[in-house]
Every structure is written in structure tokens, then in C-alpha cells.
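Thank you all for coming. Please take a moment with the sequence and the structure on the screen, and then I will walk you through some parts of the fold.

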Amino acid sequence: MPTATRTRTPVLDAACAAAVDLAREAAVAEAGEPDLVGEWLAASSDGDRLVTHSFACRNRAYRGWCWAVTVARASRAKVVTVDEVVLLPWEDAVLAPEWVPWSDRLRPGDLGVGDVMVTSADDERLVPAYASADDPEEEAVAYCLGLGRVRVLSVDGRDDAVDRWYAGQAGPQVPIAAAAPARCGTCGFWQPLRGDLGQLFGACANEYAPDDGGVVAADHGCGAHSEAVVEAVVEAARAPLRAPARVASGDGEELGHS
Ligand code: SF4
């Protein structure tokens, strides 16, 4: 049967709590100048006959910090001694932001020339592949299936990519696709990807298209679609036909406009 564990809150030792001057002297000695140690802030019990006195820090480089001086007393002894002096952040201390691992800070597009990004062994976007073949035909099949590579795209990794691509610049919602004369799926420059992804995505192979060399969805599109047709516009003559005006000269002869 489990037993309950009680934790006892240490009582503030009276002798240690009264040793404010001793603690201040220790803080000044550590700071190097009396002006760098400000007003007494608090005393807290860290254990039996173990008390920490806090003094405001007047060093401008440590705004909001405090000098923490821990004093102690041996059992049945009356003499209080200094245990340690440290600078600690107080309520208004200026602190560095909480550290975040690089893997959580990295964003798409951060990888630059020469950078190396390690993919973790348990990256859920990848799954292991187990076999390889010497026969070129088998190799081709194996390559399509992902065999021969250490790891291949997992279902999660594939679904992530599909969601990301479809919602991004390669999808159907972007303005260039909405204004396109037809969709990529009917374009001669669209090369469907192999495998499941080919049902929805292909590579654009039109050097005049903004997405040339990129993966685009079947219902993406652009104005460089292979079957886009330019309709000739013939401007109709707007002015009505009429006879040229004639002007009579002084001797009664009619003159026409040249
Ligand atoms: S040229 Fe335009 S319509 Fe054709 S595949 Fe490329 S992006 Fe799609």
C-alpha cells in the first residue's frame, strides 16, 4: 500500500533572517561597490537554518535583478555565516526569450546554400525501404516502389505534401489559376507524377509558364496552357458612311474636299 509523502515547509530561521547586515556586506563585497547594492527586498527560507536575503541590484546592466545572499547556521550554533552570493532575476528582470530547439524554429525556405538539415530517424514523413535489385528492369520497378532507398515517403509525409501543395501556389485557388483559360490536367505541358501523387499532381514543362519545373495540381492553370487560343478581334467601323461635303466657289462651281 503506497504511503503518502509529506513535505515540510522549512521555518524561517530567526537568527539567519536577522543577519541582513551580514548579507549586505557580502553582496557589496561581491558587487565591488556599495552603490551597486540597493534596498533589501525579501528573505526566504531554503531549508533548516538556511535563509536567502535578496537586495535590489543597482548595476544598470542587470536592471530588475537582485543580489541573492544565502546565509546559514549550524545546528545549535549562534553564529551565522555566508554561504553564497549570486545575481538572480527578480520580478522586472530583462531575460532572454525561452530557448527553442533549432528543429522547432526552422521554417520552409530557411535552408540556404551549403546548409545541411538532418532528418531524424523517427521522422514520420519517411518509412524504411528494404530491398534492391541488380536487374535494370527490376531496379526500375524497385525505384518506382521506393525499394533500394534507405527510406521512402510515408503515407503521412505524402498527405502532408498533398495538403501543402494543393493549398499553396501550385493549387487551384491562386489568381493565375482562376484566370487561366483551362486547367493543367488538360495541358500538353503537364507531366503527371508517378504513383498515387500522379492522380492530382504533375510537373509543368513549359518554359514560359511561371511554374516551369515545379509541381502543379491538375486543376491549377496559367495563360500558357498548350491549348490556349487567341481570338482575333475585328473592329467594326463605327462612323456611318456618308457622301463627301461639297462647297461652292464664288463663281458657282462646286469644290470637293480632297
Ligand atoms: S503551362 Fe500552365 S497550364 Fe500548362 S502545365 Fe504549366 S502551369 Fe499548367
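Predicted model: local features only at pLDDT ≥ 70, side-chain atom pairs only at ≥ 80, totals over all residues.

Ala23, Ala26 and Ala27 are the buried residues of helix α2, where buried means that 20 or more other C-beta atoms, placed from the backbone, lie within 10 Å of the residue's own. They cover an arc of only 100° around the axis, which puts them on the same side of α2; the arc is that of the directions from the helix axis to the C-beta atoms. As a reminder, an α-helix has 3.6 residues a turn, so residues three or four places apart point the same way.

Residues are numbered from 1 along each chain as its sequence is written.

Against what do the buried residues of α2 pack? They pack against β1, β2, β3 and β4 (80-89), and a contact here means that two C-beta atoms, placed from the backbone, lie within 7 Å. Helices (H or I, at least four residues) and strands (E, at least two) are DSSP runs, numbered from the N terminus. Just after α2, Gly32 takes a positive phi of about 100°.

Let us turn to the strands, which are said to pair if DSSP finds at least two bridges between them. Strand β1 (residues 37-47) pairs with β2 in the antiparallel sense over 7 bridges, and Val37 has Cys57 in β2 as its bridge partner. These two strands form a hairpin with 2 residues between them, and Arg49 in the turn has a positive phi of about 55°. On to β3 (residues 65-73), which runs antiparallel to β2 and is joined to β2 by 7 bridges; there, Val71 is the bridge partner of Val51.

Is strand β2 largely enclosed or largely open? Of its 8 residues, 50-57, 6 are buried, so β2 is largely enclosed by the rest of the structure. In the chain as a whole, 16% of the 258 residues count as buried, and the secondary structure comes to 6 helices and 11 strands.

Methods. Buried ≥ 20, exposed ≤ 12 C-beta atoms within 10 Å, placed from the backbone.
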